[in-house]
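Please brief me on the structure shown below. Cover the contact between the chains, selected residues and the salt bridges.

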Amino acid sequence: MTESRLWRALALAWLIVLLGCAGWLASQHRQLANRLDTDLFALLPKNERDPVAERAMASLAQASERQLVLLVGSADRDAAARAADTLAGSLKALPVAPQTQALDLDTLRDFYAPYRGVLFTPADAAALAQGRSAWQARALQQAYATVSTSGLAWRDDPFGTFGRWLQGFGDLTRVRPEGGRLWVDFEERHYVVLMYTLADSAFSLSAQKTVADGLDHAITGLKAGSPDVSVLRAGVVLHAAKAAQRAEHEMSTIGIGSLAGILLLVLLTFRGWRALPLVALSIATGMTIALALTFALYGRVHMLTLVFGTSLIGVAVDYSLLLHSTSLGASVAAGKRLETLLPSLLVATLFTALAYLCLALTPFPGLAQMAVFAATGIASAWLSELFWYPRLAPARLEPGVLGGPLLKLLARWPRLGLRGGLVVLVVAAPLIVTGLLKLDASDDVRSLVSTDATLMREQIAIGQRLGLPSPAQLFIVSGPDAQTVLERERTLTRELDGFVARGAIAGYQSVSRWLPPVSEQRAQQAGAAVLRDPALLHSLADDIGLDDAWVRAQSAATPLLEPDVWLASPASLPARHLWLGNTGHGYASVVMLTGLAGAANTAALSKVDLPGVRWIDKPAEISAVLDRYRDRLALVLLAAYVVTAALLWRRYRRDTWRVLAPSLIASIATLAIFGWLGIPLQLLTVLTLLLLLGMGIDYGIFVNEHPGEVRMVLAISLAACCTLLSFGLLAFSHTPALATFGTATLSGVGLAWLTAPLLRRPALPQPLFQTAPQPDHSSSDQAS
Amino acid sequence: MLKKLLALMLLPALIPVMAHADLLQDVQKRLVDAPVIRGEFVQERQLVGVKKTLTASGHFVVEKKRGVVWHTVKPFDQRLQVARDEIVQKDGKETLMKLTADKEPVVRTVGGVLFSLFSGDLSGLAKHFDVKGDARGARWSLVLSPKDAGMAKLIGNLKLAGDKSIEQVEMNAASGDVTRIRMSKVTTSTQMSAEDEADFD
């Protein structure tokens, strides 16, 4: 069959596909490198039930993703200033632009001045109830006062109300300008604040690395000169650079480690080098086509997909190893050998690929990419064997240095009878049951995403010193139109004032502070009628010596501030990220909190129940999604076992359990081992168990298809070793998600491989293919 | 020839710059230093668009640790209390305005400047202002311009003049309002009187 013209054409076509993919990747490699994602949160689930919350998070992320903030601190002010200047000087060469303070009081004053008649502090608003004479006295005092803190001429703010309203913005930031630098003091230390924006060009991985390395270098240089100076850093770019660096390191470790191990294993097991080309081609096709397809399908590919994908090296070789091992010493043509093994190969591949595709059942974009990568890689490796094995496989393959002894050793692999099985059960059951009882379920964001601890500490310290709001816990206020949103925000902030008074939070940031609702502005305007009273103004003008034009100007009602005007002005810059505008589900805004700490306070905030107000706690929400999907996937796992059992029943009948048991036993034992090790049951563990079902079944199928063939045990042993090598290396990943995958697969695949031959069908030794007589090869007599 | 001319033209401009550090030290040395300084003042305000000059008068107390009280008696009883990290404005006993540095960091800057200004701590002012002036004659005079762009939006410049104490202060606000203060009858002592204490309340 495989010698037909059609098959030759297919083999050629597949070669063209491989070369095409490789060529495309090579020609595009520069551009593709720019499409690599290092964003740590790309792995996190999208909130599909709450698009507004999703948009809020995106808006906030966008506002900060290009920022780099540095704090240069010392107990001595002058030392801090000198160090900051040195550091700023050495950063000049990097693709970052110094950024001045976002909040410019001058801009704010000029923008809000026309609306001064509707902007009052709560204290002044209350005082508007006082009569004309009280306000006249205030205005006169204001005129005679030594200093005006608003910087406005008396003529323009005779009652000082606008000046006081502007003062209220003073506590929005703890940063203050002094001598051309921005300062913040914290616990007896003085810090100079340096703010940078990443240049457009700095979005590529290499530019991120340049920035992170350049900064590290500059800081090291600075500290060598003045050890008393401390530098704190915060910026998405630093995390990204760190993640990229780790990912690259892990990819090379796993890649080189697996390749070296696999090549060594192949060279030792098979005599000569002739087994190598197909093994190498399997890996090459699997990786190349998977990479090309993933890039073609996704706009951006995550670095972690590639790290995970690298471990696929150990799985892609399975089919060529299987074909090679089973045909050791065989004197049958390669095409015939393939045809004999094709049914079990096909079933095994399907199950493995399907298991990997289950990763895509989750709402995690990162896992879906990994699923596509893995399934494509496996399918490609399999197709390579299908098309090329008949043409490339050596006519005869003999066992090598390791191959011969291995075959002898594996031939002694016992089969577990009923009695043996009971003994094992009695011994293992208590261990497994206690392990399972120790297992507790816990899904935490940290099980998916790991951040560099040092960077995280510095970032938190900067947040504390600058009084920055929490980016992950906030309120979303929504309503049918902009004014409703602002009014609801006001209701919320009144509630929050209580939290501030109790010390539960330090403060909050809301749009309505910058843009009071029109209804409130109208009320203020009505209340401020006393300040526009011509009698009062004339009397003041007489006292001070002003003309009628001033009286006319002051007695005119000022316009109301509309959202569009505010949004279009630079005065909205400091708060624009809080305004989500029309989301397609009505209007919405974000209210952020500063100085939030403690679970009790968080719980109290989460209980705020007002119309149109929603509390968002991103870490808690992600954990809840993880929990939900863990339970859902546990059901999928059970269903998968039932469906698989039904499918296998058609072929294996009463021996179905022998095929399925290795996966099941390995899964249960892995859970018990996790219980003993104190690793909690996570969504990722359940996903790994799904993979384990797919891979473990392969072993079950192969040994039970040909129970008398010791070469089959060799085949699955080699395959298992390669898989263990790759996933074992993955277990050392710094990304907890990948490490969990690695650990669970290591334990599961290892156990499935050890159990599968134990449960094989009873059969007499019977080679799959007719073998030429071998001086050192004898059939096993171990079968019972 | 041209070069010489240029050099000559530049010379006067260079002198105050070079003398900067010495200038402040000279003036500071001439100022009387004591734990408590008190005196009287007359303040004239020239507001933008207002023809009349608004005159107020009162007395002040400087206590090195607690700060400055600027007590206007005529035409209103009004007090301005300035400490390093707090500014309080009072109408009689009623507090009109209170700004604290921990809530409003700008206060520390403004408060620092006012404190330095009224207490005659010129080195404190040098942090925020470029100083020019003349201290060669019997009386000294200084012009202070803000170093910081943010400060320049509040204060155009400050002019100080005096002998053993600061006798005249002119504050030109960026808005155009001008405040001139003349201080007189300056006396010193080692501790505050009961009257002084009352001003700090």
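Predicted model: local features only at pLDDT ≥ 70, side-chain atom pairs only at ≥ 80, totals over all residues.

Residues are numbered from 1 along each chain as its sequence is written, chains are lettered from A and ligands numbered from 1 in the order in which they are written, and side-chain values use heavy atoms, with hydrogens and water left out. Chain B and chain A bury about 3300 Å² between them, and the whole structure holds 25 salt bridges over all chains.

**Interface of chain B and chain A**

- Contact, meaning heavy atoms within 4.5 Å, involves 38 residues of chain B and 35 residues of chain A.
- Of the buried area (accessible area, 1.4 Å probe, that two parts lose on being put together, summed over both), 57% is on carbon and sulfur atoms.
- A salt bridge requires a side-chain nitrogen of Lys or Arg within 4 Å of a carboxyl oxygen of Asp or Glu, and the interface of chain B and chain A has 0 of them.
- Polar contacts join 6 residue pairs between chain B and chain A, both residues being at pLDDT 80 or more. Such a contact is a pair of N or O atoms within 3.5 Å; within protein, one must be able to donate a hydrogen and the other to accept it, and residues adjacent in sequence count only if both atoms are side-chain atoms.
- On the side of chain B that touches chain A, at least two residues each come from β1 (36-46), β2 (54-63), β4 (78-83), β5 (86-91), β6 (94-100), α2 (106-119) and β11 (178-189) of chain B. Helices (H or I, at least four residues) and strands (E, at least two) are DSSP runs, numbered from the N terminus.
- The element that gives the most to this side of chain B is α2(B), with 4 residues.
- By class, the residues on this side of chain B are 18 nonpolar, 9 polar and 11 charged. Ala, Val, Leu, Ile, Met, Phe, Trp, Tyr, Cys and Pro count as nonpolar, Asp, Glu, Lys and Arg as charged, and the others, Gly among them, as polar.

**Helix α16 of chain A**

- Helix α16 (residues 403-411) of chain A has the buried residues A:Gly403, A:Gly404, A:Leu407, A:Leu410 and A:Ala411. Buried means under 20% relative accessible area, exposed over 50%, and partly exposed in between (1.4 Å probe, protein chains only).
- These buried residues line one face of α16(A), because they fall within an arc of 135 degrees seen down its axis. The arc is taken from the directions from the helix axis to the C-beta atoms.
- Their packing partners are α9 (236-269) and α29 (710-730) of chain A.

**Single residues**

- A:His324, in helix α13 (residues 318-326) of chain A, is buried at a relative accessible area of 0%.
- Among the residues that A:His324 touches are A:Phe270, A:Leu278 and A:Tyr389. A:His324 and A:Leu278 are 46 residues apart in sequence, with 9.1 Å from C-alpha to C-alpha.
- A:Arg630 in helix α26 (residues 618-652) of chain A is buried, at 10%. Its contacts include A:Asp443, A:Gln682 and A:Val686.
- B:Lys90, in strand β5 of chain B, counts as buried at 12% relative accessibility. The side chains of B:Lys90 and B:Gln81 make a polar contact of 3.3 Å.

**Salt bridges**

- A:Lys618 and A:Glu621 form a salt bridge with closest N and O atoms 3.6 Å apart. Both lie in helix α26 of chain A, 3 residues apart, about one turn of the helix.
- A:Lys618 is buried at 13%, and A:Glu621 counts as buried at 18%.
- A:Arg761 and A:Asp655 meet in a salt bridge of 3.9 Å, N to O. A:Arg761 lies in the segment after α30 (736-758) of chain A and A:Asp655 in the loop between α26 and α27 (656-677) of chain A, so the pair ties together parts 106 residues apart in sequence.
- A:Arg761 is partly exposed at 27%, and A:Asp655 counts as partly exposed at 21%.
- B:Glu40 and B:Lys185 are joined by a salt bridge of 3.6 Å, N to O. B:Glu40 is in strand β1 of chain B and B:Lys185 in strand β11 of chain B, 145 residues apart.
- B:Glu40 counts as partly exposed at 36%, whereas B:Lys185 is exposed at 61%.
- A:Asp124, A:Arg138 and A:Arg164 are joined into one network by salt bridges that share partners.

Conventions:
Lists of a residue's contacts leave out its neighbours within four places in sequence.
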